[in-house]
Each structure stands twice: as structure tokens, then as C-alpha cells.
Amino acid sequence: MAKLLEVSGLTTSFRTERGPVMAVDSVSFDVDAGETLAIVGESGSGKSVSALSLMRLIPNPPGEIVAGSVMFEGQDLLKITEAEMRAVRGDRIAMIFQEPMTSLNPSLTVGMQVGEPVMLHRGASWKAALERAGELLARVRIPDARSRVDAYPHQFSGGMRQRAMIAMALACQPKLIIADEPTTALDVTVQSQILSLLKELTRETGAALILITHDLGVVARYADRVSVMYAGRVVETGTARDIYKRPQHPYTQGLMACVPRLDQVLGRRLVPIDGQPPDLTRLPPGCAFAPRCGWVTERCLQERPSLDPVGNGHLKACFVDVDARVGEHV
Amino acid sequence: MRAYVIRRLLALIPTLFFASVIVFSTVRMIPGDIIDLMISQNDISAGGADREKLEAALGLDQPIYTQYFRWIGGILLRGDFGSSLWQEQSVIGEILARLPTTFQLGFMALFVALIVAVPIGVWSAIRQDTWGDYLGRSFSIINLAVPGFWIGTMVMVFPAIWWGVSPEVKFVPFSEDPIGNILQLALPAAILGTSLSAITMRMTRTMMLEVLRQDYIRTAWAKGMNERTMVVRHALRNALIPVVTLIGLQAPILIGGTVIMEQIFVIPGMGLMLLEAVSRRDYPVITGVFLVVGVAVVLINLLVDLSYGLLDPKVRYR
């Protein structure tokens, strides 16, 4: 059976003063119905741009999707018209953004904003939309939800706003929800509440979830599969379990080494990744991670590795057989 | 809200006091006083005795502070702004008779300014750096660069030269013929409005560009909204808050503009009255008009401040 979403070869370029930058370069990933895929990477790795590209929300200019396809329910989202795309956005694919403080319109009531997709896509009246907004706010466990329909965003806390954003995303029962760092701007205690809620609601509604994050702790708890991005490319993809137990790409290993884990030997030091994230306007000809990689070979500097299977649905973009060389390296 | 309005109205008192002192004293500093004018016009030989008699008759022989307190006392105690020194008409009666015409011209000009500025500003912003934007911006720069009085004069002069037609100079009061009256004021209102629209248009464009970059606009797009709904429902309201402030600040410019337009198109409003009064050094008329204009400007700005509450839910008046 075809996947719900299959992104392949997606390439998004931005015009900058120093020439075009490939913020997303030949990125491929897929999501099954009901599945949670985490896209992991540091700032500037292209994870948010990938998500905005598949929603066709890249501001043009300066951005432009230059290649690739986004097959969603048998339709290439990059080939349909803007009007057809509008019918997809907010209805079959919904998006939750990073900044709950600024992602809600300050001059409209929360209820209007949460109910709006129902009005846009189901032709509901204002009254029906506001009623639905009340139900949705109750569903994301906003206390006293019915009376909060008329509240304005500034009367909500950060966590409540993000709940409202989730309610808005759920409004039309989408097949896919993209959450772009939904908890980055929130307190740690609120973070886990929001993620658990999101996970629970996607399970109930059967929606697939793309969870964009830089937090590997989040990935371990909530994702079924993981794609790791570096410098605009996917460098490793696999099940969350495989990525944790047997990371194959040196970058993924580096990420794992700099996160504290409960199951690790006590007293072990956290190891940061040396060097700086790459400058996308001046990428090396070979592997973008090569300058920071402890396993780097001559070939890594010349040639760009492709994303190849290493078995069991696990893919990596690296020439080095890390498992075989683990003994040599400390 | 009520407490806020009362507080704002109380704050009017010191403002108007200083305004009245300044107006009262500066008009008396204009070189060439009313006595000289009266003497030269009536061809009276400029004898010292006549001069003193005239001054005493007009009450101008008193020290300036006595004159001021007599004037301000009359206003505060009896609502009496004094009488014209030439015609002995009641100043306040004359102002009240002319005020509606000036206000009508002002509001019509403001209306024109807004219906020109806001759509062009919005269009320029959502089509930033396209030919439509360049056209909109050029239009606004032209309006800013070309003074309204020049356009007004050209509109009076050239049709007369080319086709032998000129705008009606006989004033049609609103009470007699509302449509004829509005049509008569339409031309000066349009000229004044378009020249006022320049800054408002630039402000609307800038604020729209600012708002369009906000995260909540991206949220709106992600909901599958079309551009028109997005602009009308999500962007415009947030963008208009500073534009409304600007309208308040433009109130004095608007009133100044009506003075000029009334002169060019011979409209019997306060502006024409003021201009005539200044040229005849008719002190009570000048000070009366200025005081009324001052009150109007302050009240317009109060209205503007109160209208924020309608646009911005975060604003609550305490």
C-alpha cells in the first residue's frame, strides 16, 4: 500500500546576497497513516524549511522549491494549483508552529481562530464554527473551554495558546499534522504535557504526525521513526529504536553523545560535537559533515554520500562503516 | 472607560489655557494693528485724538492682561466669544453658522483620503515590488510633492481657459440642496483628500508589510485561507492601529487644508472667516476661531485614542 506522504528529492533554494542557498537539498522521507515521524536536526539544518516546502508556504521570493515531489494521498502537492493546495492546507494537512505567543492573531478571539478552518473548508457558519471551537478547546483540555471561546490570545498562557494551536490543527480532522518544534518556546513541564496531548490526540484521530524537533529526548518518547537532517540533507533515517540503539551516521552518534541518558553509565561525560554548523553558502564538495567528523576519509572530502539502505529499513548517507571501526576510535 | 474620558477632558483645560494665551497675545503682535487699518480705510486723518478714541471704543486701550481676562471671562461665564470689531456680529454665532460647512469639508476630505490611501497601501504591500506597488508609491509621492493649493488653483483656472467652465462659486447650503452641496464640496474635498492620502498610504503600506511578516499570518496561510480573507480578516485590522493614530495627528493639517480650499473655492466656512479676520486684524474673530479649532483637534485625538479599543483588544481604558 502506498504511504500517506512520500517526499522525494525535495529541493528548496533561497536567494541570498551571497548567491543561492540550498536550504533543503534532495530531501526524501515518507510517513505512513497514523505514524509519527520525527525530523531531527540543529538550527539551520533545513527541517522547518522542509515542512514549509511541503505545505508550499515558502515565501517566494526569496525562496523557491526547485525540484522534487510531494505525493500525498496519491496527489503531487507540488503540481496542483494554488487553489487546490488551499483546499489541502488546514483540512487534510494541518500545521502547528513553534511560537505560540506570536502564531495567534492578537486581534481576533481564540474561538474565531480555532473555528476558522471549519468555516473555510466545511462551509460552516460563524455560529457553528464557534461551537466547534468550544468542543475543540475542551478536547485539548483547556479548562472552562466554552467560556474561553471569546477570550483573546493575550489572555492565554503560552501552554494554553499552544493547546489552542493544536485545537486549530485538529479542527478538520486532518490526515497529517506537522508540528514544527511545538514545545521549544514552552516551559519544560508544559512541554511534556503538550507532546503527550498531541500524541494522544493523533492516536485517537488516526492522524499521522511529523514532529520537527532538535530534542532527542522528545524523539525517543514520541516518534515511531526518525529522519536526521544536517546541512539541508537527510543523513540518516530509521526506526526510533534503531536510531537510538545503533546510530549509523557519525553525526547522529555525535548527537546521541551530547544528550544525557538515564540508561548510561554514571559519571560518563557528555561529548559535544567539535566545530561549527556549516555555512550553507560555502558547503564543501564532499560530505557536509566531513570537517567535523572523527572518521573522515579522503573519499568523504571529494564525494557526497547518498542515502543508502543499511538493512531493516534503516538508511544512512555515509561512506564509513561505523560499526566496523568503532574499535579504532575512542 | 468613563473615568478615562473624564480624565482626558480635564486634561483639556491646561492645554486650552496655554493655547488661548498664545493665540491671544500673538494676534496682537501682527504688525499693523486694527486701528491703523480702520483709519486708513475710512480715510480719517491720523490724528492722535481719533486713534485714542477708537482704541477706547474697541476696548484696546486696556492693558493686554485685562483684555485677556475680559475675553476669557466672557467665554467661561457667558459663552460669549465677543463681537467682531468691524461688524459687531457675535463671534460665536458666526462660528457656529460656519462650523458645519468646514466640518463637512473636512470629513469629506478625510473620507477621500482613507478610500484612496488604505486600498492603495494594502495593494502596494501585498504586491510589494511589482509594477502595481511602484505605481501606488509614485502616486503617493506625487500627492506629497504637489501642494493642494496649486492643484486647486489649476482646477479653477484651466477649465475656464480651455472650455470656459469654472466651478460654481455661489455656495449652495446643505439645508437647501444636499446633493448640490455635496457635489460642490466634492472637488475641494477630493483635492484635499488626495494630498492627505499620501502619508496615510505610506503608513498603511509599511504597517501591512510589517504585519504580513508576522507568524500569525503564516498560521492563517497554513489554514488554507485565500488572500482576500487573510488580508481583510487577519492583516488589515492589526495594520490599521498606527494608521488611526496618524489620522489623529493629521487633524490640524486637515483643518489648515480646509482654510486654503475654502479660500480657493469660495466656500463660506470657518477657514474663509479666519482668513478674512486675519487680514482685517479682527482679534476676537481670530482668537475665537483658533480656540474652536484647538478644541476640535484635541477632541478628534481623544476620539482616535478611544477607537483603539475597537481595534486592539489589549487596550482597556482605566
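**A leucine and its surroundings**

Guide: Leaving aside residues up to four places away in sequence, A:Leu137 touches A:Val114, A:Ile142, A:Ala145, A:Arg148, A:Val149, A:Ala164 and A:Ala167; two residues are in contact if their C-beta atoms, placed from the backbone, lie within 7 Å. The model is predicted, and local features need pLDDT of at least 70, side-chain atom pairs count only at pLDDT 80 or more, and totals for chains, interfaces and linings use all residues. Residues are numbered from 1 along each chain as its sequence is written, while chains are lettered from A and ligands numbered from 1 in the order in which they are written.

A:Leu137 belongs to the largest nonpolar core, which has 99 residues. Such a core is a set of buried Ala, Val, Leu, Ile, Met, Phe, Trp, Tyr and Cys residues joined through C-beta atoms within 7 Å. A residue is buried with 20 or more other C-beta atoms within 10 Å of its own, exposed with 12 or fewer, and partly exposed in between. The residues with the most contacts inside this core are A:Leu137, A:Ala167, A:Leu176 and A:Ile210. Helix H6 of chain A, residues 158-170, makes the greatest contribution to the core, with eight residues (helices, H or I of at least four residues, and strands, E of at least two, are DSSP runs numbered from the N terminus). A separate second core of 62 residues includes B:Ile95, B:Leu110, B:Leu236 and B:Val285.

Of the 330 residues in chain A, 48% count as buried. Helix H1 of chain A, residues 47-54, is mostly covered, for eight of its eight residues are buried; among them are A:Val49, A:Ala51 and A:Leu52. After H1(A) comes A:Arg56, with a positive phi near 55°. The C-alpha atoms of chain A fill a box of roughly 65 × 50 × 45 Å along the principal axes. Among contacts in chain A between residues at least 6 apart in sequence, 64% join residues at least 24 apart.

Chain B, by contrast in its elements, has 12 helices and zero strands. Of its 318 residues, 34% count as buried, and its C-alpha trace spans about 85 × 60 × 35 Å along the principal axes. Helix H8 of chain B, residues 178-212, spans only 42 Å between its end C-alpha atoms, whereas a straight helix of 35 residues would span 51 Å (1.5 Å times one less than the number of residues). In H8(B), a kink of about 35° lies at B:Ala186, shortly before the proline B:Pro188; the bend at a residue is the angle between axes fitted to the seven residues ending there and the seven starting there.

Further along chain B, B:Leu299 lies in helix H12, residues 283-311. B:Leu299 is partly exposed, because 14 other C-beta atoms lie within 10 Å. B:Leu299 and B:Leu12 are 287 residues apart in sequence, yet 8.8 Å apart in space, C-alpha to C-alpha.

Finally, the two chains meet. Their contact takes 23 residues from chain A and 18 residues from chain B. On the chain B side, helix H9 (215-222) and helix H10 (227-264) each supply at least two residues, and the largest share, six residues, comes from H9(B).
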